[in-house]
Each structure stands twice: as structure tokens, then as C-alpha cells.
Amino acid sequence: MKIAIMGAMPEEISPILEKLGSYKTTQYAGNKYYESTYRGVDLVVAYSKIGKVFSTLTATTMIEHFGADRLLFSGVAGAISPTLKVGDLIVATKLSQHDLDITAFGHPYGYVPEGAVFVEADKEMIEMSKKVASEMGKSVQEGIIATGDQFVANEERKNWIGKTFGADALEMEGGSVAVVCSALNIPFFILRAISDAADMDASFSFDEFLESSAKESAEFIMKMVQSIIENAK
Ligand code: ADE
């Protein structure tokens, strides 16, 4: 077993690297990859840089070059659902790309031929996350995450994404990581802690809460990793 843990920004993986303590650093395709052993299991950790293209590159590299056989994503998101507040955790049941648009040809938003509007995350890990949440005494919401190459700081755009995809939260990497993992048959789990409400105050809220929300997410991801390792014994 080799578990990939990825984020998009340094703040999203530094709490994980701190927890690991020691690791081997390898530079590959313009990013750093950190390899370590945790409770006897191999891990590869990296941040991709922001957006769908960089996250596609990193997810693919972790799987194809570093040999990861499952992938967990940790990071922050903008809330769409009014029930999600700053610091709350959301686990993606399925993900879409809100900025993928060939509707001019009669296709739905988020769809290209031979693709699908939604990619479903691994059900076993979602199930496991419920147990982990109750052990930690935390509540975690399940929901749909919409991804696009846009920092959304606009109520109208946010509401459109919510309505069009039934999305509860939005971010900039999950949908592309989902496409990669699904195509390569790698079970994946995408967790986000809310940093903002994707409204006109989003950039300020993001700057204020990136670090604390990223930590919330990372802490939960490490408990997930422990649970995966325990279950494999
Ligand atoms: N990640 C966190 N907040 C976000 C936002 N408002 N838009 C896109 N990605 C985000």
C-alpha cells in the first residue's frame, strides 16, 4: 500500500509534513514530493499549486511515478450551502467541473463527450470518514463539490454553481483529481474545510482562515490515514 496525500497550497500540506517529522524530498516535474513511512505504510505527500492543470499533473505523478494506490486530498473550500460555516468539514460524495462548458453543442454544463458531469469518490473511505468523525467528536457534512479555475468571490456565480450542479462547496482542484483517479482506477477521498463563503468578502475570509481551516482538514486526513492503515491490518 502507498497512500498519496495531496493539497494545492503549502499551507494545506505543512501540518501533515510536521506530523510526519522526517521525509525524503524529491523534485519532479516542477514540484516537490515528500516520501515517508507512517505506521509502517509508505506515503507520498505533495502540494500541486492552485488549479485544475497543476492538480492533474500532481495526482497523475503521485500515481504513475510514485506508485500511490489511493489518494486523499486535504484543503480548503468556499461554502455554497448555508449550513457550512468557516472551519466546517465537507467530504465530497461526487465532484464536477463548473467551468467546463460546451453547452453551445447542446451538452450540459460540466460535460464533454466520453466524460461525465460527476465523478464519484470512493464509498468505502466516505463510510470510514463517518466513523473517524464520530471518534474525533466532529461533525462532517457529505456533499457535492464543484471545481473550476476560478476563485469565486461573487454571490451570483456561487448561486449559479450551487443550482447547476447541486453543489455544496466549491474549490479549484477536486474535480480534476477525481477525473485522474477515476481514469486510473485509484480510490480517492476529497476533504475540505471551509475558508470562506465564496461571496464578496471571500478573499479576506480566505486570507484570514486559510491556515486554521487547512489545519482542521489536515488533522482529519491524518486520522483517516490511521484508520486506513488499521483496517488493512
Ligand atoms: N477555495 C477556497 N475558497 C474558494 C473560493 N471562494 N473559490 C475557489 N476556490 C476556493
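This is a predicted model: local features need pLDDT of at least 70, side-chain atom pairs count only at pLDDT 80 or more; totals for chains, interfaces and linings use all residues.

Student: Is S74 buried or exposed?

Tutor: S74 is buried, because its relative accessibility is 0% and the cut-off for buried is under 20%.

Student: OK, and what does the side chain of S74 make a polar contact with?

Tutor: The side chain of S217, at 2.7 Å. A polar atom of the S74 side chain also lies 3.3 Å from the backbone nitrogen of A218.

Student: Which residues does S74 touch, leaving out those up to four places away in sequence?

Tutor: There are M6, G7, E12 and I16, then L191 and A214, and finally S217, A218 and I221.

Student: New topic: helix α2. How does its span compare with what 1.5 Å a residue should give?

Tutor: They agree. Helix α2 runs over residues 52-64, which is 13 residues, and should span 18 Å. The C-alpha atoms at its ends are 18 Å apart.

Student: Which residues of α2 are buried?

Tutor: K52, S55, T58, A59, T61, M62 and I63.

Student: And how do the axes of α2 and α5 cross?

Tutor: The axis of α2 comes within 8 Å of the axis of α5, the helix of residues 174-183, and they cross at roughly 30 degrees. The crossing is right-handed.

Student: Which residues make that contact?

Tutor: From α2 you have K52, S55, T56, A59, T60 and I63, and from α5 there are S176, V177, V180 and C181. By type, the residues of this contact are five nonpolar, four polar and one charged. K52, S55, A59 and I63 are in this contact and are also among the buried residues of α2.

Student: What about K49, what is its phi?

Tutor: K49 has a positive phi too, about 85 degrees, and is not a glycine. You'll find K49 in the loop between β4 and α2. Its relative accessible area is 29%, so K49 counts as partly exposed.

Student: Last topic, separations. How far is Q27 from I161?

Tutor: Their C-alpha atoms are separated by 36 Å, and the two residues are 134 apart along the chain. Q27 belongs to strand β2, residues 24-28, and is exposed because its relative accessibility is 55%.

Student: And V112, where is that found?

Tutor: V112 is in the loop between β6 (89-97) and β7 (119-120). At 32% relative accessibility, V112 counts as partly exposed. Beyond its neighbours within four places in sequence, V112 is in contact with L100 and I102. From S22, 90 residues apart from V112 along the chain, the C-alpha separation is 43 Å.

Definitions and conventions
Residues are numbered from 1 along each chain as its sequence is written. Side-chain values use heavy atoms; hydrogens and water are left out. Buried means under 20% relative accessible area, exposed over 50%, partly exposed in between (1.4 Å probe, protein chains only). A polar contact is a pair of N or O atoms within 3.5 Å; within protein, one must be able to donate a hydrogen and the other to accept it, and residues adjacent in sequence count only if both atoms are side-chain atoms. Contact means heavy atoms within 4.5 Å. Helices (H or I, at least four residues) and strands (E, at least two) are DSSP runs, numbered from the N terminus. The expected span of a helix is 1.5 Å times one less than its number of residues. Axes are lines fitted to C-alpha atoms, for helices over the stretch in contact, and angles run from 0 to 180 degrees between N-to-C directions. A crossing is left-handed if the near helix is turned anticlockwise from the far one by less than a right angle, and right-handed if clockwise. Ala, Val, Leu, Ile, Met, Phe, Trp, Tyr, Cys and Pro count as nonpolar, Asp, Glu, Lys and Arg as charged, and the others, Gly among them, as polar.
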